[in-house]
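Open the model in your viewer and keep the selection panel at hand.

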Amino acid sequence: MKKKNNNSSGLSRREFIKATSISTIGLSFLGAMPSGLRESLTSNVLSKSRIVIVRNSKVVDENGIVDSALLKVMIQAALEKFGGEKSYSEFLRKKFTPNETMGLKINTLGLNSITGTNLTDHFSAFTTAIMDNLKDAGIKDENFIIWDRSEEELKSAGLQIQKEKGMVRVIASVETRRGEGGIGYTNEEFAVGEKKTQLAKILTEMCSTIINIPVLKDHGNAGFTGALKNHYGSIRNAREFHSNNCTSPGIPEINLIPEIQNKQRLIITDALMGVFNGGPRWERKFMWPFGGVLVGTDPVAMDTVMLNIINEKRKSEGMPAISENVTKHIRLSKELGLGTNDMNEIDLVEINI
């Protein structure tokens with residue numbers, strides 16, 4: 001597994017927390033926020049739909065080089081604020097137990113044009129930082145599984161396949177993008193609206209809990225790919241669920257599958273680098289260093305906030321916003337009870353240096 005140890009910041013966790021403050025969010029989509037919601041930014045009350053954003057302009061540069069030590073502290077700050085505990089480790093100990101097998105579900109789709117460059121470094125840096133923090137809460141190396149759809153795609157993100165037990169495993173459901181070989185999927189079929197699918201055995205048989213680790217990226221069909229769409233990498237026949245912007249049926253119904261709902265306990269978004277156009281492919285000209293970490297448990301609220309971030313970037317580039325008519329899966333997911341897309345119901349907190 002690839003790992004960077006660039007500690008250019010020199011900040012300890014204590015120094016970082018001291019240097020940060022709850023601030024008025026510097027994204028214009030929050031400018032017209034109702035006063036009641038603005039006041040809630042300083043609240044320590046944990047709600048179902050709290051989303052915490054931690055940003056630092058130095059955590060990643062234009063070329064994709066990540067300050068790993070700073071990133072670890074940013075994740076600590078996000079977890080601590082989200083959980084409302086005295087420390088991030090206290091929150092993690094309440095959220096997880098040491099004997100659980102922890103699946104880190106990442107999204108490595110569409111990296112062909114930047115494979116082999118520093119622009120993919122954030123994948124390994126992000127998962128390593130999460131694991132380092134979880135180890136502080138008692139989770140051991142052998143209890144971590146970093147996974148996605150195919151080994152080929154994991155390798156494109158700079159990750160090394162590691163199947164041996166007793167250490168961190170990096171594995172996939174299949175070996176190639178075409179679906180050949182690998183651990184495979186369940187024999188059991190699960191209802192997705194009027195259709196059916198099979199789930200990754202990694203999810204159903206190997207992981208007792210999962211952390212959803214989406215990326216900040218637009219999508220040509222669904223309009224946006226975030227926490228909800230990340231589970232297209234958890235099923236066998238994702239191509240069958242792309243009609244009508246991935247909603248006939250699609251993203252909402254897949255996230256209703258009990259095995260996904262019951263095992264997904266936390267969402268930690270890798271928003272170090274973002275893609276504001278041309279997704280799901282990562283193209284250098286449409287990438288930018290957002291330098292952020294987002295933490296939450298409500299996938300609909302998470303996607304709502306992430307989509308607003310992308311639309312603000314598109315606005316700054318003179319591009320039209322991604323329409324709600326295209327990203328309809330977010331609204332439909334709310335209607336199915338998966339979370340909220342109403343900013344008045346989202347307790348949004350940002351921490352900046």
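Select Val300, Asp303, Thr304 and Leu307 in α11, then His329, Ile330, Ser333 and Lys334 in α12: these two groups meet, contact being heavy atoms within 4.5 Å. This contact divides into three nonpolar, three polar and two charged residues. Here Ala, Val, Leu, Ile, Met, Phe, Trp, Tyr, Cys and Pro count as nonpolar, Asp, Glu, Lys and Arg as charged, and the others, Gly among them, as polar.

This is a predicted model, where local features need pLDDT of at least 70, side-chain atom pairs count only at pLDDT 80 or more, and totals for chains, interfaces and linings use all residues. Residues are numbered from 1 along each chain as its sequence is written, and side-chain values use heavy atoms, with hydrogens and water left out.

Helices (H or I, at least four residues) and strands (E, at least two) are DSSP runs, numbered from the N terminus. Axes are lines fitted to C-alpha atoms, for helices over the stretch in contact, with angles from 0 to 180 degrees between N-to-C directions.

Next, select α4 (residues 88-95) and α5. Their axes come within 8 Å and cross at roughly 80°, so the two helices are roughly perpendicular to each other. Tyr88, Ser89, Leu92 and Arg93 in α4 meet Asn133, Leu134 and Asp136 in α5. That contact has three nonpolar, two polar and two charged residues.

Stay with α5 (residues 121-136), which gives three residues, the most of any element, to the lining of the largest cavity. Select Ile106, Asn107, Phe123, Phe126, Thr127, Ile213, Val215 and Asp270 to see that lining. On a 1 Å grid over the protein atoms alone, a cavity is a set of points where a 1.4 Å probe fits but cannot get out; a pocket is an open set with protein on both sides within 12 Å along at least five of seven lines; lining residues have an atom within 4 Å of a point. The cavity volume is about 40 Å³, meaning the space filled by probe spheres set on the points, which are joined across faces, edges and corners.

Which residues lie nearest the centre of the largest pocket? Select Arg149, Arg177, Tyr232, Ala238 and Arg239, out of 29 lining residues. β4 (144-150) and β9 (215-219) each give two or more residues to this lining. The largest pocket has a volume of about 670 Å³.

Note on methods: Angles under 35 degrees count as roughly parallel, over 145 as roughly antiparallel, 65 to 115 as roughly perpendicular and the rest as oblique.
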